[in-house]
Amino acid sequence: MGKVIANMSMSLDGFIADTADGIDNLFGWMGNGEVEVPTAVEWATFRMSPASAAYMKNALENAGALIAGRHLYDITSGWGGKHPLGVPVFVVTHRLDAEAPSDAFTFVGDVAEAVAKAKEAAGDRNVVVASAKIAQQCLDAGLLDAINVDLVPVLLGSGVRWFENLAKSPVKLGDPVVIEGNGVTHLAYEVQR
């Protein structure tokens with residue numbers, strides 16, 4: 001059975017976006033290498049270091065569904081109707097009457113419902129959680145199995161923190177699996193229960 005994994009690129013000082021939701025300083029590692037990594041959409045083909053490419057290819061192959069919050073969905077304009085992972089996307093929102101851009105998107109009212117539907121859609125593959133507030137809610141509800149951090153050597157100073165408002169802390173994590181790429185260190189942690 002797959003895992004529910006929160007994954008984000010993060011600055012060394014703990015931010016996943018700047019104060020304007022900008023991510024330019026956090027995603028340079030996806031284009032600073034010689035190995036091409038295609039995704040399910042033409043506009044998101046990456047060029048990474050060999051280590052980051054192997055890490056990304058593994059993540060892409062094992063992803064079976066994605067969970068996002070409405071804010072991320074809105075600022076990405078619904079990824080143009082198809083997410084780069086090419087998997088079903090479950091958007092947690094209070095606006096359930098909104099029209100999804102394609103059959104690949106499902107709007108759901110809460111995190112537990114999103115995780116249940118995403119697990120069903122993913123089968124034996126992983127469910128990826130790609131929103132800060134949704135990852136926090138999953139962690140608080142005991143629904144998150146792992147946290148993968150793409151740690152970027154930059155200090156943003158301010159912005160959007162990933163786990164700023166946890167209701168249940170401290171949260172203990174296992175020892176990291178560490179992969180060093182160009183301009184990024186990939187860290188994979190299991191959530192300890």
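Helices are DSSP runs of H or I with at least four residues, numbered from the N terminus. In this predicted model, helix α1 covers residues 50-62 and contains S52. The relative accessibility of S52 is 0%, and because buried means under 20%, S52 counts as buried. Apart from neighbours within four places in sequence, the contacts of S52 are W29, G181, N182, V184 and H186.

H186 is also among the contacts of V149. With neighbours within four places in sequence again set aside, V149 touches N7, M8, M10, W162, T185, H186, L187 and Y189. Both V149 and W162 belong to the largest nonpolar core, which has 30 residues. Together with I67, V129 and L144, these two residues touch the most other members of that core. At least two core residues come from each of the strands β1 (4-11), β5 (63-69), β6 (89-92), β8 (126-129), β9 (146-152) and β12 (184-190). The helices α3 (111-122) and α4 (132-140) likewise each supply at least two.

The space in the largest cavity is about 50 Å³. The lining of this cavity consists of M1, G2, K3 and V4, along with K119, A122, G123, R125 and V127. Sorted by class, the lining residues are 4 nonpolar, 2 polar and 3 charged.

Conventions:
Residues numbered from 1 in each chain as written. Predicted model: local features only at pLDDT ≥ 70, side-chain atom pairs only at ≥ 80, totals over all residues. Heavy atoms only, no water. 1 Å grid on protein atoms, 1.4 Å probe; cavity = no way out; pocket = protein on both sides within 12 Å on 5 of 7 lines; lining within 4 Å. Points joined across faces, edges and corners; volume = space filled by probe spheres on them. Nonpolar A, V, L, I, M, F, W, Y, C, P; charged D, E, K, R; others polar. Core = buried A, V, L, I, M, F, W, Y, C linked by side-chain atoms within 4.5 Å. Buried < 20%, exposed > 50% of the residue type's maximum accessible area, 1.4 Å probe, protein only. Contact = heavy atoms within 4.5 Å.
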